Amino acid sequence: MGGNALSKTVTRRYEAAEYFNLADKLLSAVRKILPDARVNDVKAYGDKASFGDLDVLIEKVPDAKHRLEAELLRLGVTEIVKNSDVWSVGWNDFQVDFIFQASKHYDFSQGYFAYNDLGNFIGRIARKIGFKFGHDGLWYTKRNESKNVVAELLVTDDFKSALEFLGYCTSRYDIGFRTLTNVFEYASSSRYFDPDSFDLSKRNHDSRVRDEKRQSYMQFLQWCSSQDFKPSTEISKEL
């Protein structure tokens, strides 16, 4: 999840061919360790030439973490950094992030984490109209007069229903994305899209620092600045 969580292991970027070879080997090994869990890599856009890390979604079945940890050294892992449900490990001079997801959120998280920062972009748009779009579904954020959150109500935990609710074409999503520009075009295709929502100067400190480190987010800002977006005709508000 970012490629820089390890401090004791020297890692490098992998070219696409060696990355997919490594991913196939690792997924096969983890699936043997956890035959009762869904284990999948996170989708990338088709023309991505190199990779800084490998994100692997693991269904959080009973004892999954314990069983996996017991076998990591046998797989040749050199370092393990645990951050709740995200474990970053060093393997073959590369960072692998194991992302453990509850069974009920697994399908949604596959969509949310796919295609670089697409889930992050959609999340910004959802927030603009008073919702939260995350790895566990689409939620309505209820706030009081002081704009403090008083409740979060689940709207849907079906990924495609969430896309449709937020103004996206699901059939276009199903085709996939060949380039990063295709991802940007899709992110901006919602009728609720407002490039002003992504302006880092208008974000809180933590969000600004986090997204400034994300190369694709900064590229998206540059791409947006080169487009001629028309103001949305939909009612929206900054929360």
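This is a predicted model: local features need pLDDT of at least 70, side-chain atom pairs count only at pLDDT 80 or more; totals for chains, interfaces and linings use all residues.
Residues are numbered from 1 along each chain as its sequence is written, and side-chain values use heavy atoms, without hydrogens or water. Local features require pLDDT of at least 70 and side-chain atom pairs pLDDT 80 or more, while totals for chains, interfaces and linings use all residues.

Helix H2 spans residues 64-72 (helices are DSSP runs of H or I with at least four residues, strands runs of E with at least two, numbered from the N terminus). Its buried residues are Ala-64, Leu-68 and Leu-72 (buried, under 20% relative accessible area; exposed, over 50%; partly exposed, in between; 1.4 Å probe, protein chains only). These residues lie on the same side of H2, because they cover an arc of only 60 degrees around the axis (taken from the directions from the helix axis to the C-beta atoms). The cover over them includes helix H1 (16-33) and strands S4 (53-59), S5 (79-83), S6 (86-90) and S7 (95-101). On the other side of H2, His-66 and Ala-70 are exposed.

Asp-117 is located in the loop between helices H3 (103-113) and H4 (118-128). With a relative accessible area of 4%, Asp-117 is buried. Its side chain makes a polar contact of 2.7 Å with the side chain of Arg-214 (N or O atoms within 3.5 Å, one able to donate a hydrogen and the other to accept it; residues adjacent in sequence count only if both atoms are side-chain atoms).

Tyr-140, in strand S9 (residues 137-143), is partly exposed at 36% relative accessible area. Together with Leu-153, Val-155 and Phe-165, Tyr-140 makes a nonpolar surface patch of about 330 Å² (residues with over 30% relative accessible area and no salt bridge, with nonpolar side chains joined within 5 Å and like charges within 9 Å; a salt bridge is a side-chain nitrogen of Lys or Arg within 4 Å of a carboxyl oxygen of Asp or Glu; areas by the Shrake-Rupley method with a 1.4 Å probe).

Technical notes:
Contact means heavy atoms within 4.5 Å.
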